[in-house]
Every structure is written in structure tokens, then in C-alpha cells.
Amino acid sequence: MEILKCEGVKKVYGSGENQVTALNGIDLSVSRGEFVAIVGASGSGKSTLLHILGSVERPTEGKVMIDGTDLSRLNQTEAAIFRRRKVGLIYQFYNLIPTLTVRKNILMPLTLDRKKPNQEYFEKVVNSLGIAEKLDALPNQLSGGQQQRAAIARSLICRPALLLADEPTGNLDQKNSREIIDMLKLSNRNLDQTILLITHDEKVALEAERIITVEDGRIISDQRRR
């Protein structure tokens, strides 16, 4: 089942002599449960694509459908709600709220929606990510790897249609990077989570089942590895 579809997505910044085309006709389809890596050099457009898929930015042209919703039809408030409920976002920097415990950080998307967590699912997520014993700690009491695990748990708590990870290992050492990738693969396998991973690290990309290469705002390669 198709969970994501992009048709002719274009993104232009500026105008006249200062105009820059970040994306230039992106066509992309991703099925539910896929683990996809998007690679490309700095400035290739991969992060712009992720921001558009996360409804953080709007395309200049083209159409993006996620789980049957046309993102172009959403106003700013609707886009924020959709992002919170349907799209999990993981960044290189963890973006945890420093004054809240790990538990409250993880549950924040549900708190904003005034929803109670499914306790069984919550426990499954935190146990799978190995942070069950850190729930009452503050973020600054955690290692970088543990903070990223908490950020992943927060992104999974609403059971999003799509999980977008932007260089999630870029701020970690080799050991923690390996663990975070293993965590993402585990969520892909055990929770049937669809994942799009932005990375410049070839070793990280090779962990995905499909690798898409972006260059100058275009997809130049789309390879399925298994």
C-alpha cells in the first residue's frame, strides 16, 4: 500500500538573479513499511525534500500525498496538526524540552492532542529503545545516544504514517550511531514503521532496503537492495 506519493515537486527560493531551485521535479512513491535512505551531497536538495514531506515547508509546484492526505490543501494550523499526528520527525539535534522528564518529552505529541497514551504500546516503545529506566530523568542527565533514543520514542508515540529522520546519527560517535540505526531497523521491522532516512553517510544508507540518490534537486538513482 502506497503511503507517500510526490508528483512533480519543485521548490524555488528567492527571485530574479537570486533565485535558487532546491528541488526540480521530484517524483517519488513509498509503500507502507519500507525503509528508504535518501543520500546526496550538501546542497543536493535532500533536506528540503524532507522538510516538504514533513509539511514544514510547501513546494512551489507539485503535489505531496501522505496516507491519503494532500498536504497542499492544509493551512498552517492544519499542517502542524497533521505533522504531529501523522509524521514523526527525528533530527540530528534531539530537540528535547530540557525542563521536562524523558517520559513527558516522549508523551508531548499526545499531550498536545489531549490524548492518553496506550500504555502497552508506550512500554513496548521505551523497552525496545532501551530507555525504560530513564523515564524520570531530565534530558541533560542522558548521554547523546540516550537523548536520541528518547527523540525516536517521541516520534513513534503517535504511531505516525511516516517517520522522517534527518541525519539522526550526525551528532553521535560510532557506537551510538550503530545503536540508533539498529533502533530504527527494529521499529521498521517490529512496528511496521515506514522510514525515510536522510544521510550523507554511505555506511548508514546501506542499512536501508532502498537507496535514493538526489543531485541538483533531482532523483538520479533509485535502487532497491532487497
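## Strand 8 and its parallel partners

Strand 3 and strand 8 run parallel and are joined by five bridges, where strands are DSSP runs of type E with at least two residues and helices are runs of type H or I with at least four residues, numbered from the N terminus, and where two strands pair if DSSP finds at least two bridges between them. Phe35 stands opposite Ile195 of strand 8 in this pairing. Strand 7 (residues 162-166) also runs parallel to strand 8, to which four bridges join it, and here the bridge partner of Leu163 is again Ile195.

Strand 8 (residues 195-199) is mostly covered, with five of its five residues buried; buried means under 20% relative accessible area, exposed means over 50%, and partly exposed lies in between, with a 1.4 Å probe and protein chains only. In a regular strand the side chains alternate between the two faces of the sheet. Ile195, Leu197 and Thr199 point one way from strand 8, while Leu196 and Ile198 point the other way, and all are buried.

## Basis of the model

This is a predicted model, in which local features need pLDDT of at least 70 and side-chain atom pairs count only at pLDDT 80 or more, whereas totals for chains, interfaces and linings use all residues. Residues are numbered from 1 along each chain as its sequence is written, and side-chain values use heavy atoms, with hydrogens and water left out.

An open sheet is formed by four strands in the order 2-1-4-5, with antiparallel pairing. Strand 2 and strand 5 (69-70) stand at its edges, and because each has a single partner strand, one side of each is left without a neighbour in the sheet. Strand 1 and strand 4 pair in the antiparallel sense over five bridges, and Lys10 stands opposite Glu61 in strand 4.

## Salt bridges

A search of the whole structure finds 16 salt bridges, each being a side-chain nitrogen of Lys or Arg within 4 Å of a carboxyl oxygen of Asp or Glu. One of them joins the side chains of Lys11 and Glu57 (3.8 Å, N to O). Lys11 lies in strand 1 (residues 2-13) and Glu57 in the loop between helix 1 (46-53) and strand 4 (61-66), so this pair ties together parts that are 46 residues apart in sequence. Lys11 is buried, at a relative accessible area of 12%, whereas Glu57 is partly exposed at 22%.

Another salt bridge brings together the side chains of Glu207 and Arg178 (2.8 Å, N to O). This pair links distant parts of the chain, with Glu207 in the loop between helix 7 (202-205) and strand 9 (210-215) and Arg178 in helix 6 (residues 174-190), 29 residues apart. Glu207 counts as buried at 16% relative accessibility, while Arg178 is partly exposed at 37%.

The side chains of Arg210 and Asp222 also meet in a salt bridge (2.8 Å, N to O), which connects strand 9, where Arg210 lies, with Asp222 in strand 10 (residues 218-224), 12 residues apart. Arg210 is buried, with 3% relative accessibility, and Asp222 is partly exposed, with a relative accessible area of 41%. Both residues belong to a network of salt bridges that links Glu34, Arg210, Asp222 and Arg224.

## Surroundings of Arg32

Arg32 is placed in the loop between strand 2 (20-31) and strand 3 (35-39), and its relative accessible area of 35% makes this residue partly exposed. When residues up to four places away in sequence are not counted, Arg32 touches Met1, Ile3, Asp67, Asp192 and Thr194, a contact being heavy atoms within 4.5 Å. Although Arg32 and Asp192 are 160 residues apart along the chain, their C-alpha atoms are separated by 7.7 Å.

The side chain of Arg32 makes a polar contact with the side chain of Asp67 (3.4 Å). The term polar contact denotes a pair of N or O atoms within 3.5 Å; within protein, one must be able to donate a hydrogen and the other to accept it, and residues adjacent in sequence count only if both atoms are side-chain atoms.

Ser155 is found in helix 5 (residues 144-156) and is buried, with a relative accessible area of 8%. Leaving aside neighbours within four places in sequence, Ser155 is in contact with Gly88, Leu89, Ile90, Pro160 and Leu163.

Arg159 lies over the face of Tyr121, at 3.9 Å from the ring centre; a charge sits over a ring if NZ of Lys or CZ of Arg is within 6 Å of the ring centre and within 35 degrees of the ring normal.
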